Amino acid sequence: MSISPDILFTIAGFPVTNTVISTVITDIVLIALVLSIRKFMSVNPGKIQNAFEAVSEYFYDMTSGNAGSRASYIHPWVLSIFLFIVVSNLTALFPGFETVRFLNASDGHHGVPLLRGATSDLNLTLALAVISVVMTHYFSVKYTGIKAYIGRFLSFTMFPIMLFVGILEFMNEITKLISFSFRLFGNIYSGEVVISTMYSMFPIGLPVPFIMLEVLIAVIQAMVFAILTMSFMSMFTDKAH
């Protein structure tokens with residue numbers, strides 16, 4: 001299993017990889033889930049509506065506890081990030097991922113996997129990290145003001161101590177991108193490698209405990225990404241911070 005995604009074909013010069021196909025599948029699953037809940041929403045909710053409401057309330061209560069009234073605009077982002085990552089991680093554990101092969105002229109008769117976990121692609125996890133950090137700074141400017149936002153990174157009070165602190169704050173924003181993207185990518189990619197190895201050694205029975213462990217990791221990693229985003233958004237939109 002290569003560390004980079006496999007290119008299946010190109011459209012107008014744009015390479016379409018197996019992780020792009022998986023990302024589209026994740027989007028379709030999420031859209032279908034939301035439309036289904038919306039269509040069958042009831043005052044006497046079924047199991048799917050109950051589960052969705054429980055997840056939404058859990059993240060809203062957590063966001064409200066940290067950000068207070070600012071939870072109204074932070075919560076939708078946190079919930080969206082969690083749902084996208086957890087659905088992407090879990091669908092990658094379904095049969096067919098890494099096993100169904102796509103044949104093309106450059107890969108010979110063995111072909112390449114048609115589907116691969118979307119979050120096992122560093123490009124996607126980096127894109128999610130950029131979205132999280134950029135929206136955090138956008139909310140900071142919008143709700144604390146441009147003066148307070150710039151003052152977080154550039155201040156001449158208590159010179160040169162606060163100036164040095166501002167430089168550290170700026171460097172911390174760069175490390176966020178690295179830690180966000182590599183943590184999620186590393187955990188999901190390594191899990192896929194382990195399961196693939198188990199299938200190659202003994203395909204019946206042996207992979208089961210590792211798949212159960214990967215289900216747990218898939219949920220935990222989605223929660224870590226969402227909670228960190230919530231924490232940074234709460235902190236950067238707090239005028240007193």
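Me: How much space lies in the largest cavity?
Reply: About 50 Å³. Keep in mind that this is a predicted model.

Me: And how many cavities of 30 Å³ or more does the count come to?
Reply: The count comes to one.

Me: Which residues line the largest cavity?
Reply: The lining is made of Asn89, Ala92, Leu93, Ile188, Gly191, Glu192, Glu214 and Ala218.

Me: Which helix gives the largest share of that cavity lining?
Reply: That's α6, with three residues. Both α6 and α7 supply at least two residues each.

Me: Where does the largest share of the pocket lining come from?
Reply: From helix α6, residues 161-201, which contributes four residues.

Me: Since α7 came up, where is valine 208?
Reply: Valine 208 is in helix α7, which covers residues 207-236.

Me: Buried, partly exposed or exposed, that valine 208?
Reply: Partly exposed, because its relative accessibility is 45%.

Me: How far apart are valine 208 and methionine 198 in space?
Reply: 9.2 Å, C-alpha to C-alpha, with the two of them ten residues apart in sequence.

Me: Switching to strands. How do β1 and β2 run, and how many bridges join them?
Reply: They run antiparallel, and four bridges join them. Among the bridge partners, isoleucine 7 goes with threonine 17 in β2, and isoleucine 11 goes with phenylalanine 14 in β2.

Me: What do β1 and β2 form, and how many residues lie between them?
Reply: A hairpin, with two residues between the strands. Alanine 12 is in that turn.

Me: Is alanine 12 buried or exposed?
Reply: Exposed, at 86% relative accessibility.

Me: Aromatics next. How many aromatic pairs does the count come to?
Reply: Twelve aromatic pairs. One of them is phenylalanine 9 with phenylalanine 102: the ring centres are 6.3 Å apart and the planes sit at 50°, so that pair is tilted.

Me: Where in the chain are phenylalanine 9 and phenylalanine 102?
Reply: Phenylalanine 9 is in strand β1 and phenylalanine 102 is in strand β3 (residues 101-102), so the pair links distant parts of the chain, 93 residues apart.

Me: And how exposed are they, what are the relative values?
Reply: Phenylalanine 9 counts as partly exposed at 34%. Phenylalanine 102 is partly exposed too, with a relative accessible area of 24%.

Me: What about tyrosine 138 and phenylalanine 139, how far apart are their ring centres?
Reply: 5.7 Å, and with the planes at 50° that pair is tilted. Tyrosine 138 is partly exposed at 43% relative accessibility, whereas phenylalanine 139 is buried at 5%.

Me: Last one. Where does glutamine 49 lie?
Reply: In helix α2, residues 47-67.

Me: Buried or exposed, glutamine 49?
Reply: Buried, because its relative accessibility is 7%, and the cut-off for buried is under 20%.

Me: Which residues is glutamine 49 in contact with, leaving aside its neighbours within four places in sequence?
Reply: Ile37, Phe40, Met41 and Ser42.

Technical notes:
Residues numbered from 1 in each chain as written. Predicted model: local features only at pLDDT ≥ 70, side-chain atom pairs only at ≥ 80, totals over all residues. Heavy atoms only, no water. Buried < 20%, exposed > 50% of the residue type's maximum accessible area, 1.4 Å probe, protein only. Contact = heavy atoms within 4.5 Å. Phe/Tyr/Trp six-rings, centres within 6.5 Å; stacked < 30°, edge-to-face > 60°. Pairing = 2+ DSSP bridges. 1 Å grid on protein atoms, 1.4 Å probe; cavity = no way out; pocket = protein on both sides within 12 Å on 5 of 7 lines; lining within 4 Å. Points joined across faces, edges and corners; volume = space filled by probe spheres on them.
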